[in-house]
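Here is a short tour of how two chains meet in a model. Have a look at the structure first, and then we can walk through the contacts and the strand pairing together.

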Amino acid sequence: MSPATSPSPVPASSAATRSPVYALVGNPNAGKSTLFNALTGLKQKVGNYPGVTVERKVGTAYSQHGQALTLIDLPGAYSLAARSPDEAVTRDVLLGRRADTPTPDRIVCIADATNLERNLYLVHQILDLGRPVILVLNMMDLAAQAGLRIRADRLEHELGIPVIPCEAAHGKGIIELKLALSRHELPLPRHAWTVPPALAPAVSELQASLTDHDAKGPLVARAEALLLLTDPDPLRVSGSTPLSAPTQRLLESWKTRWQGEGTDWSGELVAARYEAIGKLVAQVVVPAEATAGAAGAGAGSALALSDRIDAVATHPVWGWVIFLGIMATMFLAIFTLAEIPMGWIEGLVGWTAERVAALIPPGAFHDLVIDGAIAGVEGVIIFLPQILILFFFIGLLESTGYMARAAFIMDRVMSKVGLNGKSFIPLLSSYACAIPGVMATRTIEEPKDRLVTILVAPFMSCSARLPVYLLLIAALVSANEVPLGTQVGLLLLLYSLGTGAAFFFAWLFKKTLLRGAPPLMILELPPYRLPRLRDVFFQMAERGWVFVKRAGTVILALSLLLWFLANHPKPPEDAARPEDPLAHSYAGRVGRVVEPVIAPLGFDWRIGIGLLQSFAAREVFNSSMSVIFSVEESADEETGRARLREALRAAERPDGTRLFTPLVCLNLMVFYVFAMQCVATLAVVRRETGGWKWPLFQLGYMTGTAWLLCFVIYQVGRALGF
Amino acid sequence: MNLAQLSIGASATVRAYPQAGAAFTRLREMGLLPGTRITLVRAAPLGDPLEIQVRGYRLSLRKSEAALVEVAPAAEATE
């Protein structure tokens, strides 16, 4: 036991002016978000930890006396010996390493009562810090169902800290927890455990060195010394605060010595902790049925029920049926359910535009507001229904526990290209939009795997490409009505082309550029639970808001810029030809500049303008074509598309030949499958990878591939006489 | 005998696994230690990864890691 942990009371706040800061920590799946929502309600702020892409959630809770308490929801972690960026943030905040976050005055640990041993491992590490801790035992009802009687009073007595039994999902125990949070003074933990004798001298020496040379407080130094002896990689433990040379030398000399003696230091340390936890659990947990079965699951327990579900849900045949069924339902919902609110949004935007148009006299400012700003805002929020439905489903799958099964089922497939099952959901989400897909890669621990997933995600055909595909298919087929079989067949081809590209490049990058250790698939499969709809909606709203902030601002700014480029400078008054204003504008000039580059693909400068404007969102291609080929606007989508199709068919090159030949239409579709044309995605990738290097690489390799493929297709097609 | 060779539903006690390797540090911290009793619950539909029960919860790991975990099968009598 450390010398400095004598149980002296510590006041809740060092400075009377500042509200006390509490950190909420726990294993993933312990019910942390539910507890956080129950404590803070709507008083939450979601942001990012600067420098890393880890979600930062801070909320305000109120004590029984109405005093405001700051509550930081730290990312779920299994250990302070962090393995993912998420866990590193949890470790750094608790060790007081982050300048942007105050060191918490008190720590609230949440542990899943049904799975106490493993949950207490993190708690055990946190108790080393010698700070005031409140332990919440969550899911006491499920533990009781599983036949476990947990004596919280005994645990409280053993650890010397408040232990609150709780059922966060039903709001039980929240009042008791608030009472504990409100206590003016909290006892320090009585945390006695025996560091293995072979390691004890090293722990003291490292603690002394960290205090002397690395300016750490004595208790933090001891906790860090223990972490350095848990994870064989000291670089990972020290993170952004590198070790001083003397400490490093000391650590190396001990490791060399142990190696000579054949001491498995890391193993012994972890084993010693689990031994201490085992003794604790033996005193605290009373199994109702003294002789549990081999699987340890009581008949009525959540695990037994979960097992019955999994017997089907991960069955070699039914597992796939269910898996594909869930994925199909999700996409059906995204593409059909979203139509309704999307119609409302279009209506609302049209109505607003009319009202605003009536208010502002015609002129440049009028055009800027109507065609630039309002159209730009529409471009952002039109995707929102689809994105929200996607987030809703992801939240639902996460909170029920099916997400882990999806990774479990798909791992073998993903391993073929060098990734693991956790890359599956980000890639799947990218069929709706690459931005939530890229954001969802945060659950992937291995930085290289995460980067590969981000790099290939935009190959999945997103919903903004669909209108472009549909228009080009209509222009490609000579009949007025596209036969359903042709349309479905071509769409399927395009979607599989993108998917194939994603897998091919993932494999290629894992083989070459981003070689790394074969990925691990160490994943907890939590018992199935009924989803908490309140939490799912909370999360959906939060993530939706992040989407609007990240993507929305970029899309809006770009829409304004592109509007300006397409409308300035104005052509001279006497120009007669209808397409002149655009040809005369900056956009038209840029189109002509890029024409030599895209001419070998069969595209002319007018298509070039469409490609350029697609950078705001790919579906802008359609409205861009409408403007270029002067198609009369129509309130009805079907009529509008039919008119546009006719206009595309009638479009000619200067020499009088057809512009949109079937070959050109096909080539354009292929271009849209492969090219990186979305600035909003690039902006999000820059944020997630912390620089411009990877988004620029992505822009280059994807668009390069698109160009090369289209070049081959067009030239071969021409040679064959198409 | 190693973990990957267990038959589905069989229980065993972990005997040893490699000291080095990121996978094994984390597996240890997740409670998989020499002397820990485990049960192989099932394999994924495509045969890999595996699902094991350890310390009252379910954990998935790939066969490639499982093959490096040495186990002693539990005696039939305890079943």
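Between the two chains, 35 residues of chain A are in contact with 33 residues of chain B, where contact means that the C-beta atoms, placed from the backbone, lie within 7 Å. This is a predicted model, in which local features need pLDDT of at least 70, side-chain atom pairs count only at pLDDT 80 or more, and totals for chains, interfaces and linings use all residues. Residues are numbered from 1 along each chain as its sequence is written, while chains are lettered from A and ligands numbered from 1 in the order in which they are written.

On the side of chain A that touches chain B, at least two residues each come from helices 3, 11, 13 and 17 and from strand 12 of chain A. Helix 11 of chain A gives the largest share, five residues. Helices (H or I, at least four residues) and strands (E, at least two) are DSSP runs, numbered from the N terminus.

That side of chain A divides by residue class as follows.

| Class | Residues |
|---|---|
| nonpolar (Ala, Val, Leu, Ile, Met, Phe, Trp, Tyr, Cys, Pro) | 19 residues |
| polar (the others, Gly among them) | eight residues |
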